[in-house]
Each structure stands twice: as C-alpha cells, then as structure tokens.
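Hi,

Here is the structure I promised to pass on.

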Amino acid sequence: MTSAYELERAADTLRTFALDEGMKARVMSSPVLAEMATRVSRRYTAGDTVEDAIRVARKAADRGHRISIEYAGESVRTRELAVSEAGVFLDVAAALADSTLPGTISFDLTHLGALVERELALEHVRALARATETQGTILMISAEGSDRTDLILDLYDQLADEIPRIGITLQARLHRTPADLERVLRRPGRIRLVKGAFLEPESVAYPRNSEELSAAYRSLAARLVESGHSAAFATHDGELVYALIAEHGDALKGGAVEFEMLLGLGTQLMDQLRAEGYATREYIVFGGEWWLYVLNRMAEHPERALAALADMNPDPAA
C-alpha cells in the first residue's frame, strides 16, 4: 500500500517534470512519445482548437453548467509569441459571442506577455476586454507561482481600475493569501479561490492535502461568503465542498457563489451540485501547450499516473 509520504514525493516529482522544459522538448520532439503524451492530455483538455473548446463547452452547458475557457500556454518570453497568443484569445472571444454560451475567458498574464513587458500584457487584456464588451464576458486572471504573485496582483489592480468585469484567482495554500484577499475585495471583480497546484516551499505555502490547507480554504471561503462578493470556489475535493455547504447552507445559493471544476475532474460531483441547486461552472482548457497544466493536474492526485498509463494504450480493448 502506498504511503502518504510516497504519494507526496510522487506529486513533487510530477510538479518538477511540469517545469522541466528540457524534458518537455525531448518528449514532444519524439513522434512516438508525443503521440502517447497527447493521448494522456485528452483526459484533461478539450483538444487543440477553439472549435474543440466550443464543442466541449456546449456539452457542459447542456448539462446545466456555466463554462470558462482557457487557451493553454506557458510563460511567454518573446513579444512575437505574446502577440500571436493574444490573437487566439481574441478568437475565443469571437467564438463565444457566436455561440451565445454562458462563458467566461481565463488566462495567465504571463501567457499574454507580462514577462516580456508589463504594458504588453495590459494592452492584450484591454484588447480582449474591448472584444467582449458587448457580451459583458467576465475575464478571469489565473494564478501563477508565488514568485509572480506580486506582479499578477499589481497588474490586476491596474486593470480592475479600468475594467470592473476582470476577476482574479487566489491560492489558499499561500500564507500571504488572507492579506491578498482583503486587497482584492476592494475591487468589484469575481474572486476565484483555488487550493493551489504549484511546487512551493513550506515557508511560503501549506503542505498539499494537509489539515492546515483545508482550514485555510474554509476560512477564506467564509470571508468571501460574509462579504457577499462574487466568488467561485474551485475545488474537486468533495469533503471540502460539503464542509462549505454545511457551514454556509443557502448562502451558497444566493447567486454570488458558484462551484467550479476542471474538465475531466469532479464531473460527477459537479453534476450532483447542479442537481442540488448550486451554480456550477466547468473550466475547459484547450491548445497544444498543455504540458504544465496536465502534469500539475496529475500531481494533485498522483494515482492519476495509473490512468495516464492506461491512456497511452491506443486500443481501449487491449
């Protein structure tokens, strides 16, 4: 039987692989390995194209869920790539408008060029806001590693002054988050609360799967409920979800709060919550740059590596 210590070591290994650009390059440059890895990714992503994302989003909407779409991408370090990637987000905005789906658009600020030049990322978000103004689409800034939190929050403050429908993601794992929550509560945008999937030292973050992390999440969620602020509780942890319901009851059905879960994870729980009258949202990721995203999803529950091995088999009947 695998011990909790061994599972945590496996999780840290997967998170290390997620950040290993050399390993990624070696795997994706091999036709055989790239094909196998892509089959693994399909458990957690909609496909490569905007059309794939919209197709999967329609299925979620048919089940009664709101949707959020993110074009997967890792830290962009050239202006040319940032401009090109921003164009794909504009394509997402156009496709969502045509589909009339109840969707939001999520993104990393570093995907839009924040590591190249802060103003470049700001201009790309402003362009996305202009493209979605008629629909009033909510734009959600995703969380990144703790070494980038100050950058992300500073850019969020600037954008929120201009565009009130921009929201922000906070990680319950980080010791700094209670103070960050008070900071962003001064803004009107939706606040998305996640546990946090990045490899972080314990001086910065609570251990994964710890009682301290669960307590931190519940405390932050309670502050959000008390505030009446628009909030998304993003977790696949059923025990935590029903702890929140036990603590806050019908306050979670008032319209300000929704439960959000990633494509391929927590599907049954999300459908159950929707049937019980809670607002729910499925988070749909698409695109070819899925390496970091998928490995972090597997790291959350290292047992998923067994499913990944099964997914590598091209013949389900074999």
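Below are my notes on the inside of the protein and on some of its helix packing.

First, the ground rules. This is a predicted model, in which local features need pLDDT of at least 70 and side-chain atom pairs count only at pLDDT 80 or more, while totals for chains, interfaces and linings use all residues. Residues are numbered from 1 along each chain as its sequence is written, and side-chain values use heavy atoms, with hydrogens and water left out.

Let me start with the cavity. A cavity here is a set of points on a 1 Å grid over the protein atoms alone where a 1.4 Å probe fits but cannot get out, and its lining residues have an atom within 4 Å of a point. Grid points are joined across faces, edges and corners, and the volume is the space filled by probe spheres set on the points. The model has one cavity of 30 Å³ or more, and the space in the largest cavity is about 100 Å³. Its lining has 14 residues, with Ala143, Thr149, Thr169, Leu170 and Gln171 nearest the centre. Two or more lining residues come from each of α7 (149-162), β4 (166-171) and α8 (177-184); helices (H or I, at least four residues) and strands (E, at least two) are DSSP runs numbered from the N terminus. The biggest share, four residues, is from β4. By class, the lining has six nonpolar, five polar and three charged residues (Ala, Val, Leu, Ile, Met, Phe, Trp, Tyr, Cys and Pro are nonpolar; Asp, Glu, Lys and Arg are charged; the others, Gly among them, are polar).

Now to the helices. α9 (residues 211-227) and α10 (residues 238-248) pack at about 40°, with axes 11 Å apart (axes are lines fitted to C-alpha atoms over the stretch in contact, and angles run from 0 to 180 degrees between N-to-C directions). That makes α9 oblique to α10 (under 35 degrees is roughly parallel, over 145 roughly antiparallel, 65 to 115 roughly perpendicular, and the rest oblique). In α9, the residues that meet α10 include Tyr217 and Arg218, and their partners in α10 include Leu244 and Glu247 (contact means heavy atoms within 4.5 Å). This contact has seven nonpolar, two polar and two charged residues.

On to the next pair: the axes of α10 and α11 (residues 267-275) come within 11 Å and cross at roughly 20°, which makes α10 roughly parallel to α11. Gly238, Val241, Tyr242 and Ile245 of α10 touch Leu269, Gln272 and Leu273 of α11.

Best wishes

Key:
1 Å grid on protein atoms, 1.4 Å probe; cavity = no way out; pocket = protein on both sides within 12 Å on 5 of 7 lines; lining within 4 Å.
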